[in-house]
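Please keep the sequence and the structure in view while reading.

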Amino acid sequence: MENLDEAKAFDEWIVKIGDGNIGGPNNGKAEIEFPEDVVVRSIGDHIHSIVSIIYLSFENHLDDQSYFQDKAILVPTNEEYDATNDYI
């Protein structure tokens, strides 16, 4: 139950960021502090770093749609979204 509660709280937090309700009044830009347990540290190829952590050995699961359905990578721009999809 604890994991479900944590996932729900994280989900609500992400929605608040998307709705602009975190970081106080702003003009479309705000500094947001992310919890350490959701941050992927990287030196060099950032896309490879995050994909290899979120989708361990994804090459071995290309035919398994369910493997990809319960995971997500959040990126701040459409360009990064495209680059991540292109990498995968």
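Is Ser-57 buried, exposed or partly exposed? The model is a predicted one, and in it Ser-57 is partly exposed, with a relative accessible area of 40%.

## Position of Ser-57

Ser-57 sits in the loop that links helix H2 (46-54) to helix H3 (65-69). Although Ser-57 is not a glycine, its phi is positive, at about 50°.

## Overall architecture

The protein contains four helices and zero strands, and its elements follow the order α-α-α-α from the N terminus. The C-alpha trace extends over about 45 × 35 × 20 Å along its principal axes.

Of the 88 residues, 10% are buried. When contacts between residues at least 6 apart in sequence are considered, 24% of them connect residues at least 24 apart. The protein exposes about 7400 Å², and 51% of this area is supplied by carbon and sulfur atoms.

Thr-84 belongs to helix H4. Its relative accessible area is 8%, and Thr-84 is therefore classed as buried, the cut-off being under 20%. Apart from neighbours within four places in sequence, Thr-84 is in contact with Ile-47, Val-51, Ile-73 and Val-75.

Ser-49 is part of helix H2. With a relative accessible area of 14%, Ser-49 also falls under the 20% limit and so counts as buried. Leaving out residues up to four places away in sequence, Ser-49 touches Val-40, Arg-41 and Ser-42.

## Charged side chains

How many positive and how many negative side chains does the protein have? There are 5 positive and 19 negative side chains, and the centres of the two sets are 7 Å apart. A patch of negative charge lies on the surface, where Glu-79, Glu-80, Asp-82 and Asp-86 gather. Glu-79, one of the residues in this patch, is located in helix H4 (residues 78-87). Glu-79 has a relative accessibility of 59% and counts as exposed because this value is over 50%.

Side chains of opposite charge can pair when their charged atoms come close. The count of salt bridges in this model comes to one. The salt bridge joins the side chains of Glu-36 and Arg-41, with an N to O distance of 2.9 Å. Glu-36 and Arg-41 are both exposed.

## Nonpolar surface

Which residues form a nonpolar patch on the surface? The patch consists of Phe-10, Phe-34, Val-38 and Val-39, which together have about 290 Å² of accessible area.

Val-38, one of the residues in this patch, lies in the loop between helix H1 (2-18) and H2. The relative accessible area of Val-38 is 34%. This value lies between the limits of 20% and 50%, so Val-38 is classed as partly exposed.

Notes:
Residues numbered from 1 in each chain as written. Predicted model: local features only at pLDDT ≥ 70, side-chain atom pairs only at ≥ 80, totals over all residues. Heavy atoms only, no water. Patch = residues over 30% accessible without salt bridge, like charges linked within 9 Å, V, L, I, M, F, W, Y side chains within 5 Å. Areas by Shrake-Rupley, 256 points an atom, 1.4 Å probe, with all protein chains shown as cover. Salt bridge = Lys/Arg side-chain N within 4 Å of Asp/Glu carboxyl O. Lys, Arg positive; Asp, Glu negative; His and termini not counted. Charge placed at Lys NZ, Arg CZ, Asp CG, Glu CD. Helix = DSSP H or I, 4+ residues; strand = E, 2+ residues; numbered from the N terminus. Buried < 20%, exposed > 50% of the residue type's maximum accessible area, 1.4 Å probe, protein only. Contact = heavy atoms within 4.5 Å.
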